[in-house]
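This briefing sets out selected structural features of the model shown below.

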Amino acid sequence: MQYLLLIYTPELPNQADIPPEVFQQQLAEYDAFTKETRDRGLMLAGEALQPTETATSVRVRDGSTLVTDGPFAETKEALGGFYLLECKDLDEAIELAAKIPGARQGTIEVRPIWQLPETYGA
Amino acid sequence: MTGDFDRAEEAVQDAFVTALERWPVDGLPANPGAWITTTARNRAIDHLRRDRRLVEKAELLGRETAMASDADDVERLVEARDEMTPLQDDRLRLIFTCCHPALPADARVALTLRTLGGLTTPEIARAFLVPEPTLAQRLVRAKRKIRDAGIPYRVPPDHLLADRLDGVLRVLYLVFNEGYAASRGDALVRQELCAEAIRLARVLVTLMPDEPEALGLLALMLLHDARRDARKAEDGSLVLLEDQERGRWDRARIAEGAALVDRALRMGRPGAYQLQAAIAALHDEAATPSDTDWPQIVALYAALASLEPSPIVELNRAVAIAMAEGPAAGLDRIDALAATGSLSEYPYLHSSRADLLRRLGRRDDAAAAYRRALELTENAAERRFLTGRLAEVTRLS
C-alpha cells in the first residue's frame with residue numbers, strides 16, 4: 001500500500017532564526033531517513049515545502065477564482081514536507097513515520113493513498 | 001487484507017463462541033491448550049465439510065478421519081484446505097487487530113465485544129448507553145479503517161508486542177471496569193460486561209500463557225469479581241470492603257485468581273496488573289478486615305507508584321497507609337495530594353478524606369468532604385452510601 005506521510009511541525013516566524021548548525025543537523029537527519037527509505041525500496045516521493053508565508057490559497061466560487069495570501073487556519077503546526085512511501089501495512093507506515101525527524105517536534109499524519117479505479121483517470 | 005479479516009472473523013467465531021459458551025458452564029478444561037486445539041480441529045473439519053468445492057475431498061478425508069485416531073491424520077485433513085490457518089492463531093490476530101491503536105478507543109472496545117465476545121450490537125449499545133445506530137456506525141467505520149488504512153491482521157512482531165499487548169489488556173480492563181464500577185447503566189447488562197471481559201482474558205491467557213501481565217489482568221478481574229455479590233446490599237446500596245459479608249465472596253474465584261497472581265509474579269516481570277491483583281488477593285484472603293496485611297499492601301502500592309505513577313495510585317496508597325499506621329498518617333498524605341489539585345473533581349478523593357476525618361472525630365470537616373463527594377457522584381448506590389455517612393456525622397454534632 002502507498003502512504004503519504006505529512007510532516008506538520010512548528011513553524012518559526014523567521015527561518016533565519018534557526019542557528020545554522022541546527023539547520024545542518026536537521027538536514028543531515030532528513031538525509032539519513034531519505035537514504036534509508038530509498039535503500040529499502042520504499043521511497044516513491046518526498047519533498048520539503050517553503051514556509052507557509054509563501055503559500056497561496058485558491059478557491060473557485062460561483063465561477064470566479066479567488067486568490068488569497070497564505071493558508072486559512074492559524075495553527076501552530078504547519079505542513080512542512082511529505083514522503084510518499086510504499087509500505088506493507090499501517091504498522092510499517094507508523095514505524096517509518098516515527099523515524100521522521102519532525103515527529104519529535106511536530107506531528108506526522110499518515111494517510112493511506114486512495115487507489116481510485118482506473119476508469120477515473122481515463 | 002479485508003478478506004483475511006472477514007474470513008477469520010467468520011471462521012474464528014464458531015470455535016471461539018463455543019469456548020465462551022462452554023467454559024463458563026463446564027469450567028476451564030483441565031488442559032485448555034489441548035481443548036482449544038481439539039475444538040479448532042473439529043471446527044476446521046466442519047468448515048471443510050461445508051465447503052462445496054471440497055465436498056468430495058472432505059467426504060474422502062472424513063472417512064479417513066473416522067478411521068484415524070492419530071492426530072497427525074487430522075492435521076493433514078486440516079492442511080487439505082490451503083487457505084485454512086490454525087484457528088488459534090486467527091483468534092489471537094483478531095484480538096490484536098480489534099485493539100489496534102490506530103482505531104478510536106471506543107471503537108476498539110465495541111469491535112472487540114462484537115467480534116470476539118458474545119455480545120450483539122444492541123447489547124453493546126445498551127451497555128455503553130449509546131444509541132444503537134451510533135454504535136453500528138462506529139463498528140462500520142472501524143472495519144472500514146481496518147481495510148482502507150491497511151491495519152495489519154496479525155500478531156505484532158516482538159518489538160511491538162509489549163506495546164500492543166498493553167493496548168489489548170487495556171481494552172479488556174476497560175470493559176471489565178465499565179461493568180464493575182460503572183457510574184451508570186443497568187445492573188444485568190453491566191454484569192454481562194464483567195463476564196465478557198473475564199472470558200476474553202481467559203482466552204488471551206490460554207493463547208499467551210507466558211505473558212505475566214495477561215495473567216495479572218485475569219487474576220485482577222477474578223479477584224474483584226469474587227466480591228460482586230457481597231458488594232451490593234439488598235436495597236442495591238454499596239457495601240464497603242470492610243463491611244462486606246466475607247462468607248458471600250466467591251472462594252473458587254479467589255483461589256483461581258490468587259494462583260494466577262503467584263504464577264505471574266514467579267515469572268519475574270512485575271507489572272501494574274500483577275501488583276493490583278496481588279493487592280486484591282491480600283484483601284480477598286483476609287478472613288476479617290482486621291486480618292488484612294496492610295503493611296504488605298502499602299509496599300505493593302509503593303511498587304505500583306514507582307512503576308506507574310498516578311494520583312489515583314497515590315490516593316489508594318494513602319488509604320492503605322491510614323489502615324497500616326492510623327488515620328492521621330493517611331490524612332496527611334491525602335491532604336498533600338489534594339493540595340496538588342489534580343484530583344479535585346474525583347469523588348473518591350473527597351469520600352476517602354471524609355472517612356479519615358470521620359475516624360478522627362472531625363465531624364464538621366468530614367461533613368463538608370462528604371457533601372463535596374456527593375456533588376461529584378452520580379451512581380445511585382454510592383450516593384445512598386455517602387448520604388448515610390453524611391447523616392451519621394451531622395446527626396449528633
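In which loop of chain A is A:D62 found? In this predicted model, A:D62 lies in the loop that links β3 (56-61) to β4 (64-69) of chain A.

- The backbone of A:D62 has a positive phi of about 50°, although A:D62 is not a glycine.
- Most residues other than glycine have a negative phi.
- A:D62 counts as exposed because it has 5 C-beta neighbours inside 10 Å, and the limit for an exposed residue is 12 or fewer.

**Chain A: overall layout**

- Chain A contains 2 helices and 6 strands, and their order along the sequence is β-α-β-β-β-β-α-β.
- The C-alpha trace of chain A spans about 45 × 45 × 20 Å along its principal axes.
- Chain A has 122 residues, of which 13% count as buried.
- When contacts in chain A between residues at least 6 apart in sequence are considered, 75% of them join residues at least 24 apart.

**Chain A: strand pairing around β5**

- Strand β5 (residues 77-86) of chain A pairs with strand β1 (residues 2-10) of chain A in the antiparallel sense, over 9 bridges.
- Within this pairing, A:L85 in β5(A) has A:Y3 opposite it.
- Strand β2 (residues 43-48) of chain A also pairs with β5(A) in the antiparallel sense, over 5 bridges.
- Here A:F82 in β5(A) stands opposite A:E47.

**Contact between the chains**

- The contact involves 5 residues from chain A and 7 residues from chain B.
- On the side of chain B that touches chain A, 5 residues are nonpolar, 1 is polar and 1 is charged.

**Nonpolar core**

- The largest nonpolar core comprises 103 residues.
- The residues with the most contacts inside this core are A:L5, B:L172, B:A197, B:A201, B:L218 and B:A219.
- Apart from its neighbours within four places in sequence, B:A197 is in contact with B:L172, B:V175, B:F176, B:G179 and B:M221.
- In soluble globular proteins, nonpolar side chains tend to be buried together.

**Helix α19 of chain B**

- Helix α19 (residues 363-376) of chain B has 14 residues, and the distance from its first C-alpha to its last is 20 Å, close to the 20 Å expected at 1.5 Å a residue.
- The buried residues of α19(B) are B:A366, B:A367, B:A369, B:Y370 and B:A373.
- Viewed down the axis of α19(B), these buried residues fall within an arc of 165°, and therefore they line one face of the helix.
- An α-helix has 3.6 residues a turn, so residues three or four places apart point the same way.
- Among the elements that cover the buried residues of α19(B) are α18 (347-359) and α20 (380-395) of chain B.
- The exposed residues B:D364 and B:E375 are carried on the face of α19(B) turned away from its buried side.

**The loop residue B:P270**

- B:P270 is placed in the loop between α13 (251-266) and α14 (272-285) of chain B.
- B:P270 counts as partly exposed because it has 18 C-beta neighbours inside 10 Å, whereas a buried residue needs 20 or more.
- Not counting residues up to four places away in sequence, B:P270 touches B:L265 and B:L275.
- B:P270 and B:G216 are 54 residues apart along the chain, and their C-alpha atoms are separated by 9.0 Å.

Definitions and conventions. Residues are numbered from 1 along each chain as its sequence is written. Chains are lettered from A and ligands numbered from 1 in the order in which they are written. This is a predicted model: local features need pLDDT of at least 70, side-chain atom pairs count only at pLDDT 80 or more; totals for chains, interfaces and linings use all residues. A nonpolar core is a set of buried Ala, Val, Leu, Ile, Met, Phe, Trp, Tyr and Cys residues joined through C-beta atoms within 7 Å. Two residues are in contact if their C-beta atoms, placed from the backbone, lie within 7 Å. Ala, Val, Leu, Ile, Met, Phe, Trp, Tyr, Cys and Pro count as nonpolar, Asp, Glu, Lys and Arg as charged, and the others, Gly among them, as polar. Helices (H or I, at least four residues) and strands (E, at least two) are DSSP runs, numbered from the N terminus. The expected span of a helix is 1.5 Å times one less than its number of residues. The arc is that of the directions from the helix axis to the C-beta atoms. Two strands pair if DSSP finds at least two bridges between them.
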